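Please keep the sequence and the model in view while reading.

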Amino acid sequence: MPAISPNKPYRVGRSKTGLGLFATKPIKKGTKIVRYFGPLLDCRKKKDDAIENKYLFQLNNRWTIDGSVRENIARYINHACRPNAESDVRPRKRKVYIRAIKKIEPGEEINYDYGTDYFKEYLKPIGCKCDACEKKRKKKRAEARAERLRLKEKAERKAKKKAEKLAKERAELRAKAKQKAKLNGKANGVHLNGNSLNGNSLNGHGATSATGKVLAAKPGIPVRARGGQVVEISAPAPATIANAASPAGLPN
Ligand SMILES: [Zn+2]
C-alpha cells in the first residue's frame, strides 16, 4: 500500500471490492480531497491513443489522464452510484480533483460516480457492488422472497378452500343420501306395515276385547274392537265348521 502522509484525511484500506480510500478525519462538504493525476495522454498521438487501462480519465475530446500510476492515490477511490464525493474536472487546467459533496465521517469509504461509460463497460457486466446497488439488490431479493411467500400462502389458502368446499359437498351429498333413505323407508312402511294389512281380519283370531278375551266372533258379523275399529270376520271359525259337520242331535 502506498505511503500517505498522516496529515491527509484518508488512508487506503480493504473494501468490499478490493482496496478503497477511507476517511480518517471528518471531511467537510465541498473539500478538495485529493487530486486525480497522472501523465496526460493526447489522443492525436497514436502511442497515447493505444494505451488502455481502467484508470483513464478523459478530460475532453483530446486529453485523457492516465491515472494508473502508483502515486495517484485517487485511483483507489471506488465507484458508487450514490457517492459522497464527485470528480471536479477542470479541462482547461487539465486537472481533476475529487471533492466531497457531503460531510464524510472518519471510517467512511470515499466514493464518486465514475460516469455512465465506465459503468456500462466495467461495472454493469459484473454487477455494481456499491452500497446503493447492494441495498437495491437486497431489497429486490427481499421482495422476491416476500412474493414467493405470498404466492405460497395464496396457493395454500386456495387448496384449503378447495378441500373445505369438497368436504362440504361430500357432507351435503351424504345428508341428501340419508334423507333419501329415510324417505324410502317411510314409503315402504306405509305399504307393508300399514294397519290395513296387519289388521285383525287377516290374523283369523277375532277381535280382542278390552279384557284380553277373544270375543265370540261370527262370520259376517262386524265386531267392534277396542279403539272403535270395525273389523269384519270373513272366515268361519274352525270350531263352527267342526260343529256343522257333525250331524246335530245324532247319538254318538
Ligand atoms: Zn452502484
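## Overall make-up

This is a predicted model. The protein chain has 252 residues, and 25% of them are buried. Its secondary structure comes to six helices and 12 strands.

The chain exposes about 19000 Å², with carbon and sulfur atoms supplying 54% of that area. Take the contacts between residues at least 6 apart in sequence: 55% of them join residues at least 24 apart.

## The zinc site

Four cysteines coordinate the zinc ion through their SG atoms: Cys 81, Cys 128, Cys 130 and Cys 133. The distance is 2.3 Å. Angles among the four donor atoms run from 102 to 115°, and the site is tetrahedral. For four tetrahedral donors, the ideal angle is 109.5 degrees.

Along the chain, the donors follow the spacing C-x46-C-x1-C-x2-C. Cys 81 sits in the loop between strand 7 (78-79) and strand 8, while Cys 133 belongs to helix 3 (residues 131-192), so this pair ties together parts 52 residues apart in sequence. The two cysteines also have their own accessibility classes. Cys 81 is partly exposed at 29% relative accessible area. Cys 133 is buried at 11%.

Strand 6 pairs with two strands described here. Strand 4 (residues 40-42) runs antiparallel to strand 6, joined by three bridges. Strand 5 (residues 56-58) is also antiparallel to strand 6, again over three bridges. Strands 5 and 6 form a hairpin, with four residues between them.

## Ile 65

Ile 65 lies in strand 6 (residues 63-66). Its relative accessible area is 2%, so Ile 65 counts as buried. Leu 40 stands opposite Ile 65, and Phe 57 has Ile 65 as its bridge partner.

Beyond its neighbours within four places in sequence, Ile 65 contacts residues including Tyr 36, Pro 39, Leu 56, Leu 59, Arg 94 and Val 96. Tyr 55 is another contact. The C-alpha atoms of Ile 65 and Tyr 55 are 8.0 Å apart, and the two residues are 10 apart in sequence.

## Arg 94

Arg 94, one of the contacts of Ile 65, lies in the loop between strand 8 (85-90) and strand 9 (95-100). Arg 94 has a positive phi of about 55°, although it is not a glycine. Most residues other than glycine have a negative phi. Arg 94 is partly exposed, at 33% relative accessibility.

## Salt bridges

The structure holds seven salt bridges. One of them joins Glu 134 and Arg 137, whose closest N and O atoms are 3.7 Å apart. These residues are three apart in helix 3, which means about one helical turn separates them. Glu 134 is partly exposed at 26%, and Arg 137 is partly exposed at 30%. Elsewhere, salt bridges with shared partners join Asp 88, Arg 90 and Arg 99 into one network.

Arg 90 is partly exposed, with 26% relative accessibility. Asp 88 is buried at 14%. Asp 88 also meets Arg 99 in a salt bridge, at 2.5 Å from N to O. This pair links distant parts of the chain, with Arg 99 in strand 9 and Asp 88 in strand 8, 11 residues apart. Both Arg 99 and Asp 88 are buried.

Conventions: Residues numbered from 1 in each chain as written. Predicted model: local features only at pLDDT ≥ 70, side-chain atom pairs only at ≥ 80, totals over all residues. Heavy atoms only, no water. Buried < 20%, exposed > 50% of the residue type's maximum accessible area, 1.4 Å probe, protein only. Contact = heavy atoms within 4.5 Å. Areas by Shrake-Rupley, 256 points an atom, 1.4 Å probe, with all protein chains shown as cover. Donors = N, O, S within 2.8 Å, 3.2 Å for Na, K, Ca; no water. Tetrahedral: all angles 85-135°; square planar, octahedral: opposite > 155°, others 65-115°. Pairing = 2+ DSSP bridges. Salt bridge = Lys/Arg side-chain N within 4 Å of Asp/Glu carboxyl O.
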